[in-house]
Amino acid sequence: MTLQIRSLNQYKEVYKQSVEHPEKFWDEQAETFFWRKPYSKTLEWEFDTPSVQWFIDGKLNITENCLDRHIEDRGDQVAILWEANEPDEDSITYTYTELLAKVCQTANALKEMGIGKGDRVIFYMPMVPELAIGLLACARIGAVHSVVFAGFSAQALADRVDDAQAKAIICSDYSRRGTKMIPVKDVVDEAMNISCNSVEHVLVHKNTTQEVNWSDDVDSWWHEQVDCQEQTCPAEEMDSEDMLFILYTSGSTGKPKGVVHTCGGYMVYTCFSFRNVFQYQDGDVYWCTADIGWITGHSYIVYGPLLAGATTMMYEGVPNYPTPSRFWEICQKHKVNQFYTAPTAIRALMACGNEWIDDREMPSLKVLGSVGEPINEEAWHWYDEKVGRGKAPIVDTWWQTETGGILLTPLPGITDTKPTYASYPMPGVQPVLVNNEGELIEENNAEGLLCIKFPWPSMIRTTYGDHERCKNVYFSSFKGMYFTGDGARRDEDGRIRVIGRVDDVINVSGHRMGTAEVENAINEHPGVIESAVVGYPHDIKGQGIYAYVICQDVLDAKTMQDEICATVRKEIGPIAKPDVIQFVSGLPKTRSGKIMRRILRKIACKDEKSLGDISTLLNPDVVQEIIDTRK
């Protein structure tokens, strides 16, 4: 089994070994997996082109490591535990034996549809077990999966289908999210009418009893195609550097980037990081609340946990349905041990009031995780005190779609935790801070640009169909380094705090401030629910600070603005005081909950004519409302 670090001294020793002898270190992690053919060389790399290859010439199939190798020892153990949108519905479980059989049936159905090694398959599904099964079925036969969050618009879906030249789309009829019934198949139909000329099949999972439009030419039902298939399917032999999946992430140009991850390195790193970040033990129940449409769901709902032989939970619904205690009810019901969610969800539940959490005893919780953005200090303390009761360490994880796995994090019960700090690098990860000229910043108590100077196994290999873009975005800013696009601060003890995207760093009178830092200060005001800060042109300061603030009640706007400025002045200093505070009812967010500061910057700069496509936002209507009420 992959190494699991148990003490601080061991972490320090393992980290030292992983930096001094990285190839030997990753050899030791890789040897615990089943390889059809051993690799001939551990690593070849250069960041100029870039070209990164791990476990060269090794042959494997990731699903044999997720499923087949566990059958003898844990075939009857629950692999996937699914909780429905409606609390009165029965949970569904798949043991490892049952999951392997269903994956093989699905893989056989895909092969019958003419899908094979290297073909791309787009998934546009809610959080149902069939989504995880479908991904594994693709990996079983060597097809490349690409999940599009089932909330994106038809145009956004069509763009991704066309970029990947996908041969099939797998979707559901409808998605159930809280009180909403979302017509998923209708969106696929609309996308097919826009373009999607490469698509030969649309496989539809029946999630509800609702009627859907149908085309006998391309549409077929999942249950009719899958349930009749044989329950065994030989796994396709894959090269370590063969594509496993493409996951699209927003680009600064507006055109989504297809981030490519490959089989061998991704397998080794996601298992290693899962076991260590969450300190998973046999018998634990692990729950990541993310959607599989995002990298978090790929790495830490599906692949990482299954590679480690864990019991991983999926939840179909939303945090506050039917009440804001739903998350905590599920944790109680299934005796969840590790709970991994986003600061957006934590803040939203915090705003609902403590009455929804105070009477919920969850003694099973051992580790709390945070992912997606830097967590502000107030939310960190609420999470610690109210959810964990001060007994479950918080792992504030930093990573990206492009990194494939968690790179910076505390290790629970092993390293210390500090609010707002992602803290320490995982073994094998070598972060550095550089200045604008790319010169290393060696001292602590310093700020700079966060780069990684040495490859790790699960890192991005290319952007699909456009390697030059990969080079330009990630490897051209600083020679010989992967540039994360984030600014960071290192404290006196070497802990790292990610302070936001570089374009989310404001330069006020020569002082660089991360928007997350200013937002954290604003959010300390007891009347503030959430805020977003951007820079805008200022005649004297170069950049001013523009704050969009959601409050519980604003009886007197001037008084509230003065109080918020006083709070910021107290938390950071006068230099960080917002120049403009606009009270808003909501903030433009992606479907994964990230605030779209790019849009807010354009509004602050009165450049709303170049906002671009906002249809894929969670709440596009709020954009016009903000424009109409702008100062």
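Student: Where is Pro50 found?
Tutor: Pro50 sits in the loop between β1 (41-46) and β2 (51-56). Keep in mind that this is a predicted model.

Student: What kind of peptide bond joins Thr49 and Pro50, cis or trans?
Tutor: Cis. Omega is about -10° for the bond joining Thr49 and Pro50. For background, most peptide bonds are trans.

Student: And the peptide bond from Tyr321 to Pro322, what is omega there?
Tutor: Omega is near 0°, and the bond from Tyr321 to Pro322 is cis. Pro322 belongs to the loop between β17 and α12.

Student: Where is Asn320 found?
Tutor: Asn320 lies in the loop between β17 (311-315) and α12 (326-334).

Student: Is Asn320 buried, exposed or partly exposed, and why?
Tutor: Partly exposed, because its relative accessible area is 45%. The cut-offs are under 20% for buried and over 50% for exposed.

Student: How many Å separate the C-alpha atoms of Asn320 and Thr409?
Tutor: 28 Å. Asn320 and Thr409 are 89 residues apart along the chain.

Student: Switching to phi. What is the phi of Cys196?
Tutor: Positive, about 55°, although Cys196 is not a glycine. Cys196 is in the loop between α8 (184-194) and β11 (201-205).

Student: Why does Cys196 count as buried?
Tutor: Because its relative accessibility is 2%.

Student: What about the phi of Thr420?
Tutor: Thr420 has a positive phi of about 75°, and Thr420 is not a glycine. Its place is the loop between β20 (394-396) and β21 (431-434). Thr420 is buried, with a relative accessible area of 6%.

Student: Helices now. At what angle do α6 and α11 pack?
Tutor: About 65°. The axes of α6 (residues 129-141) and α11 (residues 295-307) are 10 Å apart.

Student: Is the crossing of α6 and α11 left-handed or right-handed?
Tutor: Right-handed, for α6 and α11.

Student: Which residues in α6 and α11 meet?
Tutor: From α6, Ala132, Leu135, Leu136 and Ala139. They meet Val302, Tyr303 and Leu306 in α11. The contact of α6 with α11 has seven nonpolar residues, no polar and no charged.

Student: Which residues line the largest cavity?
Tutor: Asp163, Lys255, Pro256, Lys257, Gly258, Thr463, Tyr464, Asp466 and Arg469 line the largest cavity.

Student: How do the residues of that lining divide?
Tutor: The lining of the largest cavity has five charged, two polar and two nonpolar residues.

Definitions and conventions: Residues are numbered from 1 along each chain as its sequence is written. This is a predicted model: local features need pLDDT of at least 70, side-chain atom pairs count only at pLDDT 80 or more; totals for chains, interfaces and linings use all residues. Side-chain values use heavy atoms; hydrogens and water are left out. Helices (H or I, at least four residues) and strands (E, at least two) are DSSP runs, numbered from the N terminus. Buried means under 20% relative accessible area, exposed over 50%, partly exposed in between (1.4 Å probe, protein chains only). Axes are lines fitted to C-alpha atoms, for helices over the stretch in contact, and angles run from 0 to 180 degrees between N-to-C directions. A crossing is left-handed if the near helix is turned anticlockwise from the far one by less than a right angle, and right-handed if clockwise. Contact means heavy atoms within 4.5 Å. Ala, Val, Leu, Ile, Met, Phe, Trp, Tyr, Cys and Pro count as nonpolar, Asp, Glu, Lys and Arg as charged, and the others, Gly among them, as polar. On a 1 Å grid over the protein atoms alone, a cavity is a set of points where a 1.4 Å probe fits but cannot get out, and a pocket is an open set with protein on both sides within 12 Å along at least five of seven lines; lining residues have an atom within 4 Å of a point.
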